[in-house]
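Please look at the structure first, then read the points below.

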Amino acid sequence: MRYLARRAGQAAIVLLAAFTGAFLLLQALPGDALMIKYENPELGLSPQQIAEVRERFGVDTPLPVQYVHTLLGFAAGDFGYSLQTGTPVRQLLAEALPHTLALGGIALVAAVLLAAAIAFGSSLPRLRWLRDLLRSVPPLVVSIPTFWLGIMLVQVVSFQLGWVSVIAPGPVEGLILPVITLAVPLSAPLAQILVRSIDDVAAQPFVAVVRARGATPAWILGRNVAKNAILPTLTMAGLLLGDLIGGAVLTETVFGRPGIGRITEQAVGQQDIPVLLAVVVLAAASFVVVNLVVDLLYPVLDPRLAARAREGVPA
Amino acid sequence: MSATFPTRSAAATAAALALLALTACAPAASDPAASGSGEPVEGGTLVYLEHQAHTTLYPPSAGFYPNGGIVNNVFDRLVWQDPESLELKPWIATDWEVNADATEYTFDLRDDVTFSDGTPLDAEVVAKNFDLFGLGDPERGLTVSEAINNYERSEVVDADTVTFHFTAPSPGFLQATSTNNSGLLSAATLDFTLEQFAPGNSAEVIGSGPFTITDEEIGSAVTLTARDDYDWAPPDRDHQGRAHLDAVQIRVTPEDSVRVGALLSGQADYIRYVEAQDEAQVDAAGFAVYAPQTGGVNNHLSLRPGSEILSDIRVRQALIAGIDRQQVVDTIYTDRYPLATSILSSSAQGYVDTSDALAYDPERAETLLEEAGWVEGAHGIREKDGKQLTLVVNESAPQPRSFEALTLISQQLKTIGVDLQILKADAGSAAEAVRDVEQVQVYHSMVARADLDVIKSQFFSQNRNALLNLDYDDGTIADAQLEELLQAVASEADPAQRIAESQEAQRYLADQAYVVPLFEEPQVYGAAPRVHGVTFESVARPSFYEIWLAD
């Protein structure tokens, strides 16, 4: 329990640091969203009219005041308004998040399954002939750009073969191609890690002992090797969250899907600081949470770590 | 949050199924012989793909084209501008009177028009609309309409008569009442703040148009549904009564190849922004390409005279003579992008041909630069007093293929010894740089509006100030004569005289070598063969009102 409390405290500090860093960096950018929106030059407003709008939005208040104001807002769950459109940021995130969670979550699961299929498939002795082929897949796939894969899938599977609709699809139909687009490049590094650790674990003395007692290779792989090889893969899956977020930006743009990635892409283009700040904090929060979950899963998978966690030793 | 997701998607599925059912029923209910040609068919949902998401529904700020697909179909206006002849015809206003010096406008209104919330569209609400558009409300973040000058106040004469008063002549006002920026809003909507006009609240924004906004997914989709009781289209339009379509689904699809692919594979019916390089693919498939002109200030480069190098007219003239505009149009664009012959589009009111000042003549360009003291330097770039002839032009993200066009122009200018750098920056840096005459000496832009005022909108110091004639830092005006000419266009009450003023301003811009007009900018749309009745308002925003689907 103390372990959990300490980890939660660490998470809060990480979030505050992410907020502060993002706040300062975004403020340091040249220009601002109001300038982009009101001065450049679509509305043809006079300098005096622009000054009135700037005053109303309070952009020219001192930085420390803005910082405290924004931080207190965030703490209370109020992320302000998009400067570009005026939509409350909380509403933007609330509408986009379920779409991105569904896409990202399913893609991550699909990537792990795909990686496991490649790794275990290439480690089963009966399929030795497949081994080299399967093991050459990850290095090949890791070099496919997400963007290109998305466009190819849309053009071939949707537009030429007509198997799924991309424009106005059903909820499940709409996930098929984006999930593939996101999961395939993600599965490659996972498969590589998994293959490597299967080899490592298979070379351990205890495996030789189990084998000597008459276990079949498949039994060893499933019961002994897999359980031990999964730990580094889990860590990797946590770290891949960054790739997942980056991939979501591209995937959501290609497929015209609503989501956090689309919001981010639009906000970056317009330097919409309240939106970007909220996205950074949200991304940091999800990083913290996922890695916390991974850390908490460790003791479950490895009893030795559970003992240490009970004693309060860092895992 | 996770609890609302299944509900939302269930509702979306139900809505999609309902729309599907409507689409499926529509052709069966009508005469099969009618489909394909001639008689419009009622019903069906049009799937329309936008390039970008809409940003606001507050009409004075809604000039951005992605807003136009919504605004032009949801809000009616007082006056209708015929997109062909540019004449102003009755719409919500049946008749109007303007006093001799254009400081008083009186409109007679129809008495049978209602907003989609059931409230009447009467003189009271029209007055309230223009009080907001003409004066703005900074407290609510709502700006004054660029199209309305010198607004003073409104006066409700009776239930269907309203008068507007101006502090000085405002000859552009009548046309302004026909534009998207003057879309009529219900009384309740007029109390909104900027935030309430934002995406996410769109279904609450009420107009009296042929469609109402019934559903929205922020940043990705907007559904428009036809009003059954709509019966106040402009009398001069071919179609009257309710829209043919039942609904329009506007879906944001940023990726160009996906938009075109969706159209050609039948997943979408109608798309905006077919890039020049994709036109051939759409043409070849037998689909329609529409390229209505935006008809205002052409796509052009402004040569800013306030900058050190360009303060010399000979250098500006040399740049114009050194740019092969025809090659730019032929190489980067298609024949749907006609070569510009003035700063104004040839379809704009008051247009005058100034091509004599725009001829491509690289030899003359070199002579002019020599005369101005710019001599051959290192790496083929001219120098004067140890300084290189280096200029910066902004990449204009909203213009089609801006970077490609500027790259070609930069290559052309290199042959006469001019180094043209292209500023490719994030929106913030670009917004700041274009306001500094020594950071961006050459400014790439255009503006669409079908009124003589458009030339003032682009170049006047208090409007877009494209030439940076007003220096924002020290408040000085570089060319006072230009200011006077532009002011005259916007304040002359006599229509014939206004045209003369516009022509003088065009001539002046050409003679002073202030602008390099490139091409007459169209908005390029693609549509499936089953889409009929495609029309546009005067600056190429789509109207869905007359569209019908043939299957």
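Among what covers the buried residues of H13(A) are helix H5 (89-123), helix H12 (241-255) and helix H14 (273-301) of chain A, together with S10 of chain B. Contact here means heavy atoms within 4.5 Å. Buried means under 20% relative accessible area, exposed over 50%, and partly exposed in between, with a 1.4 Å probe and protein chains only.

This is a predicted model, in which local features need pLDDT of at least 70, side-chain atom pairs count only at pLDDT 80 or more, and totals for chains, interfaces and linings use all residues. Residues are numbered from 1 along each chain as its sequence is written, chains are lettered from A and ligands numbered from 1 in the order in which they are written, and side-chain values use heavy atoms, with hydrogens and water left out.

**Helix H13 of chain A**
- H13 covers residues 260-270, and its buried residues are Ile260(A), Gly261(A), Arg262(A), Ile263(A), Thr264(A) and Ala267(A).
- Helices (H or I, at least four residues) and strands (E, at least two) are DSSP runs, numbered from the N terminus.

**Chain A overall**
- Chain A holds 15 helices and zero strands.
- Its C-alpha trace spans about 85 × 60 × 30 Å along the principal axes.
- Of its 315 residues, 46% count as buried.
- Among contacts in chain A with a separation of 6 or more, 72% join residues 24 or more positions apart.

**Ala233 of chain B**
- Ala233(B) lies in the loop between strand S9 (221-226) and strand S10 (247-252) of chain B.
- Ala233(B) counts as buried because its relative accessibility is 1%.
- Leaving out residues up to four places away in sequence, Ala233(B) touches Trp91(B), Arg110(B), His239(B), Gln240(B) and Tyr545(B).
- Gly209(B) is 24 residues from Ala233(B) in sequence and 8.5 Å from it in space, C-alpha to C-alpha.

**Negative patch on chain B**
- Asp95(B), Glu97(B), Asp108(B) and Asp158(B) form a negative surface patch.
- Asp158(B) sits in strand S6 (residues 151-158) of chain B.
- Asp158(B) is partly exposed, because its relative accessible area is 36%.

Note on methods: Patch = residues over 30% accessible without salt bridge, like charges linked within 9 Å, V, L, I, M, F, W, Y side chains within 5 Å. Areas by Shrake-Rupley, 256 points an atom, 1.4 Å probe, with all protein chains shown as cover. Salt bridge = Lys/Arg side-chain N within 4 Å of Asp/Glu carboxyl O. Lys, Arg positive; Asp, Glu negative; His and termini not counted. Charge placed at Lys NZ, Arg CZ, Asp CG, Glu CD.
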